[in-house]
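These are my notebook entries on a single protein chain. I set down what I looked up, in the order in which I looked.

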Amino acid sequence: MVINTTKPISTISDFLVSSARLSQICNHIKIINGLQIKLGEFLGNPLAEHVAVADYRQNTLVLHTDSAAWAAKLRYGTPEILAAFTGELPGLRTVRIKVVPSETLMRTTRQVLKVSPGTAEGIRQAADQIADTALRSTLHSIADKLV
C-alpha cells in the first residue's frame, strides 16, 4: 500500500487525513466509540459491561456480547434500544446481536498482526515525509516490526 500525499506530513493527524480511506476509518471509529458510550449509559451495569458496539452499517447496529444469557436480555430490550438510538442514527432499523465468547475475544486480541511488505513500505514512505523526527522514527520502527 502506497499513500500518495500532496504536502509534507508532520503529525499523526496530518497522516490520517492525508488518505481519504484512513479518514473514513477514523470517522467510523469515532462514531462507534460515541455509540458505545451512549449504549453503556442506556443499558447501565451490569449489562453494559458485557456488551460492545461492533459496527453500524446498512441501518443495522451490530452488538457483541460475551454470553447467550446477555444476548437474550439484549434481544428482549431491542425495541427500547431502537427507540433510544433513533435520534442518533436516523436510519436505524435493526439491532443484530452476536455472542462472542470471552475466550475468543482474548485469542483475537493476543494474535500478532502481520501486514504485507507493501503496507510496511507505505508506512515507511509516509514516515519519510514527516518533519517530526521522533514521529518519523517511531513509524519506521512500527513498519519494521509489522513484517
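Entry 1, charge over a ring. I count a charge as sitting over a ring if NZ of Lys or CZ of Arg is within 6 Å of the ring centre and within 35 degrees of the ring normal. The model I examined is predicted. In it I found the charged end of Lys 38 over the ring of Phe 85, at 5.4 Å from the ring centre.

I recorded 7 helices and 3 strands for the chain. Read from the N terminus, the order of elements is α-α-β-β-α-α-β-α-α-α. The chain has 147 residues, of which 28% count as buried. I then took the contacts between residues at least 6 apart in sequence, and 52% of these join residues at least 24 apart.

Entry 4, salt bridges. How many salt bridges does the rule give? The count is 4, and I describe some of them here.

I returned to Lys 38, whose side chain also meets that of Glu 88 in a salt bridge, with an N to O distance of 3.8 Å. This pair links distant parts of the chain, as the two residues are 50 residues apart. Lys 38 belongs to helix H2 (residues 20-43), and Glu 88 to the loop between helix H4 (78-85) and strand S3 (94-99). Are the two partners buried, partly exposed or exposed? Lys 38 has a relative accessibility of 25%, so I list Lys 38 as partly exposed. Glu 88 is partly exposed as well, with a relative accessible area of 44%.

I noted a salt bridge between the side chains of Arg 124 and Glu 121, at 3.5 Å from N to O. Both residues lie in helix H6 (residues 117-128), and their spacing of 3 residues is about one turn of the helix. Glu 121 is partly exposed, with a relative accessible area of 35%.

Arg 124 has a further partner in Asp 144, with an N to O distance of 3.2 Å in this salt bridge. Because Arg 124 lies in helix H6 and Asp 144 in helix H7 (residues 133-146), the pair ties together parts that are 20 residues apart in sequence. For Asp 144 I recorded a relative accessible area of 48%, which is partly exposed.

Is Ala 127 buried or exposed? Its relative accessibility is 0%, so Ala 127 counts as buried. Leaving out residues up to four places away in sequence, I found that Ala 127 touches Arg 136, Leu 139 and His 140. I also checked Ser 137, which is 10 residues from Ala 127 along the chain; their C-alpha atoms are separated by 7.6 Å.

On the H3 side of the contact I listed Leu 74, Arg 75 and Tyr 76, which meet Thr 78, Pro 79, Glu 80 and Ile 81 in H4.

Note on methods:
Residues numbered from 1 in each chain as written. Predicted model: local features only at pLDDT ≥ 70, side-chain atom pairs only at ≥ 80, totals over all residues. Heavy atoms only, no water. Helix = DSSP H or I, 4+ residues; strand = E, 2+ residues; numbered from the N terminus. Buried < 20%, exposed > 50% of the residue type's maximum accessible area, 1.4 Å probe, protein only. Contact = heavy atoms within 4.5 Å.
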